[in-house]
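The following note sets out points for a colleague who wishes to examine the model.

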Amino acid sequence: MSEPASPTRKRIVDAATKLFYAEGVARVSVDAVAEKAGLTKRTLYYHFRSKDDLIAAYLDGRDQPNIKQMGGWFDAAEGGIDKKVAAIFTNLARVAKHPKWKGCGYLRTAAEFAAMPGHPAVKAGSRHKTNFEQWLAAELSSHNVSEPGMLAREIVLLMDGAFSSMLIHHDPDYIGAAGHAAATLVKVRMTEPAPPAASRSSRRRGRVIGRAPGSKG
């Protein structure tokens, strides 16, 4: 179990979170973060070896709060599992209308380091996306949906596709469309599977015999 962050470290991460999310990590200097936190740059470097470590801390710090928020939307939704999944997208579309919403911080940051797949920020983004996918798969499994792992991955692809489209179009309707597609995928997995061919054949033979009580065969 990790130790809680010191008040000073938390102060730095909080300042970095506001600046990095609003402006992008490349455009924000360490000096700007230190100034926002009301600390010296020397103090900042005492808690973080580099700006890269600070960027990773910013992203890691958003991991569980983001999943908790989506989990809250999921749990609060009424209806079946398809409605609960759709509720995540409905609420994301609502949040996306806020003027301070800048899209998915993980995807935006990963795009800035697209040529550096081993960068700590890219790894932090991968951890978050994996954690969310695993959480969703567990929820789908608990609702007896078939192929929960694959379905969770398909839903994550729809969500990230919607986030990417939002960066270009700035239209929350893309998130709504992705939510509709996600709910449709869930409904398909909820459908009762057809009985095996051998079982259907046996039932047909039984019905034929039953209709001919006088036969000698």
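1. Overall architecture. Read along the sequence, the protein follows the pattern α-α-α-α-α-α-α-α-α-α, with 10 helices and 0 strands. Helices (H or I, at least four residues) and strands (E, at least two) are DSSP runs, numbered from the N terminus.

2. Basis of the values. The model is predicted, and local features need pLDDT of at least 70, side-chain atom pairs count only at pLDDT 80 or more, while totals for chains, interfaces and linings use all residues. Residues are numbered from 1 along each chain as its sequence is written, and side-chain values use heavy atoms, with hydrogens and water left out.

3. Of the 217 residues of the protein, 36% count as buried; buried means under 20% relative accessible area, exposed over 50%, and partly exposed in between (1.4 Å probe, protein chains only). The accessible surface is about 13200 Å², of which 56% belongs to carbon and sulfur atoms. These areas come from the Shrake-Rupley method with a 1.4 Å probe, and for residues only the protein chains shown count as cover. Among contacts between residues at least 6 apart in sequence, 65% join residues at least 24 apart, a contact being heavy atoms within 4.5 Å.

4. Helix α1. The 17 residues of α1 (residues 7-23) should span 24 Å at 1.5 Å a residue, and the end C-alpha atoms are 24 Å apart, which agrees. The expected span of a helix is 1.5 Å times one less than its number of residues. Buried in α1 are Ile12, Val13, Ala15, Ala16, Leu19 and Phe20. They cover an arc of only 165° around the axis, which puts them on the same side of α1; the arc is that of the directions from the helix axis to the C-beta atoms. An α-helix has 3.6 residues a turn, so residues three or four places apart point the same way.

5. Surroundings of α1. The buried residues of α1 pack against α2 (30-37), α3 (41-47), α4 (51-76) and α6 (105-112). On the face turned away from the buried side are the exposed residues Pro7 and Lys18. Gly24 follows α1 and has a positive phi, near 95°.

6. Helix α7. The buried residues of α7 include His128, Lys129, Phe132, Glu133, Trp135 and Glu139. Their cover includes α4, α5, α6 and α8. Glu133, found in α7 (residues 120-142), counts as buried at 17% relative accessibility. Not counting residues up to four places away in sequence, Glu133 touches Gly149, Ala152, Arg153 and Val156.

7. Helix α8. The 22 residues of α8 (residues 148-169) should span 32 Å at 1.5 Å a residue; the end C-alpha atoms are 31 Å apart, which agrees. Among the buried residues of α8 are Leu151, Ala152, Ile155, Val156, Met159 and Asp160. The cover of the buried residues of α8 includes α4, α5 (81-96), α6, α7 and α9 (173-190).

8. Aromatic rings. How many aromatic pairs does the structure hold? There are 4 aromatic pairs, where rings of Phe, Tyr and Trp (its six-membered ring) pair if their centres lie within 6.5 Å; planes under 30 degrees apart count as stacked, over 60 as edge-to-face and the rest as tilted. Phe74, Phe132 and Trp135 are linked by ring pairs into a cluster. Lys68, located in α4, is exposed, with a relative accessible area of 68%. Lys68 and Trp135 are 67 residues apart in sequence and 10.0 Å apart in space, C-alpha to C-alpha.

9. Charges over rings. The charged end of Lys84 sits over the ring of Phe74, 5.7 Å from its centre. Arg108 lies over the face of Tyr21, at 5.4 Å from the ring centre. The criterion is NZ of Lys or CZ of Arg within 6 Å of the ring centre and within 35 degrees of the ring normal.

10. Positive phi in loops. Asn144, in the loop between α7 and α8, has a positive phi of about 60° although it is not a glycine. Asn144 is exposed, with a relative accessible area of 71%. His170 lies in the loop between α8 and α9; its phi is near 55°, a positive value in a residue other than glycine. His170 counts as exposed at 61% relative accessibility.
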